[in-house]
Amino acid sequence: METLLIEAQEFEDMKMSNMSTSDRVKASRKGKSIILGLNEFYKETKDEKIMDVMKRVTEKKQKIEKRLKGRPSS
């Protein structure tokens with residue numbers, strides 16, 4: 001549990017500038033694994049602090065994925 005919280009903090013503090021596409025893919029996958037791991041603990045405890053961490057990690061993950069998809073060309 002504590003290791004997941006530490007990983008989540010590192011994920012939140014990670015810089016997004018100068019990331020290659022492969023770095024973004026790895027970061028997105030890491031974010032997903034952190035969220036799924038935290039979700040297992042949340043199901044058991046229903047702790048709001050865990051939910052807050054999951055929301056912040058999800059927000060960062062969505063920013064990374066948005067950057068991966070790029071702008072639609074029209």
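From the N terminus on, the elements of the protein chain run α-α-α. Its secondary structure comes to 3 helices and 0 strands, where helices (H or I, at least four residues) and strands (E, at least two) are DSSP runs numbered from the N terminus. The model is predicted: local features need pLDDT of at least 70 and side-chain atom pairs count only at pLDDT 80 or more, while totals for chains, interfaces and linings use all residues. Residues are numbered from 1 along each chain as its sequence is written, and side-chain values use heavy atoms, with hydrogens and water left out.

## Overall dimensions

Taken along the principal axes, the C-alpha atoms of the protein chain fill a box of roughly 45 × 25 × 15 Å. The chain has 74 residues, of which 27% count as buried. Buried means under 20% relative accessible area, exposed means over 50%, and partly exposed lies in between (1.4 Å probe, protein chains only). Among the contacts in the protein chain with a separation of 6 or more, 65% are between residues 24 or more positions apart; a contact means heavy atoms within 4.5 Å.

## Packing of the helices

Two packed helices are described by the angle between their axes and the distance between the axes. Here, axes are lines fitted to C-alpha atoms, for helices over the stretch in contact, and angles run from 0 to 180 degrees between N-to-C directions.

Helices α1 and α3 pack at an angle of about 40°, with their axes 10 Å apart. That angle makes α1 oblique to α3, given that angles under 35 degrees count as roughly parallel, over 145 as roughly antiparallel, 65 to 115 as roughly perpendicular and the rest as oblique. The crossing of α1 and α3 is left-handed, a term used if the near helix is turned anticlockwise from the far one by less than a right angle, with right-handed used if clockwise. On the α1 side, Leu5, Ala8, Phe11 and Glu12 meet Val53, Arg56, Val57, Lys60, Lys61 and Ile64 of α3. By class, this contact of α1 with α3 has 6 nonpolar, no polar and 4 charged residues. In this scheme Ala, Val, Leu, Ile, Met, Phe, Trp, Tyr, Cys and Pro count as nonpolar, Asp, Glu, Lys and Arg as charged, and the others, Gly among them, as polar.

Helices α1 and α2 pack at an angle of about 145°, their axes being 10 Å apart. The crossing of α1 and α2 is left-handed. In α1, the residues Leu4, Leu5, Glu7, Ala8, Glu10 and Phe11 meet Ala27, Lys30, Gly31, Ile34, Gly37, Leu38 and Phe41 in α2. The contact of α1 with α2 has, by class, 8 nonpolar, 2 polar and 3 charged residues.

At 0% relative accessibility, alanine 8 counts as buried. Not counting residues up to four places away in sequence, alanine 8 touches Ile34, Leu38, Val53 and Val57.

## Salt bridges

Side chains of opposite charge can pair when their charged atoms come close. A salt bridge is a side-chain nitrogen of Lys or Arg within 4 Å of a carboxyl oxygen of Asp or Glu, and a search of the whole structure finds 3 of them.

| Glutamate 12 | Arginine 56 | 2.8 Å |

Arginine 56 counts as partly exposed, at 40% relative accessibility.

Glutamate 40 and lysine 43 are separated by about one helical turn because they are 3 residues apart in helix α2 (residues 21–45). Glutamate 40 is partly exposed at 45% relative accessibility. Glutamate 65 and lysine 61 are 4 residues apart in helix α3, and so are separated by about one helical turn. Glutamate 65 is partly exposed, with a relative accessible area of 24%, whereas lysine 61 is buried, with a value of 14%.

## Loop residues with positive phi

Asparagine 18 is placed in the loop between α1 and α2. Phi of asparagine 18 is near 60°, a positive value in a residue other than glycine. With a relative accessible area of 81%, asparagine 18 is exposed.

Lysine 46 has its place in the loop between α2 and α3. Phi of lysine 46 is near 55°, a positive value in a residue other than glycine. Lysine 46 counts as exposed, at 54% relative accessibility.
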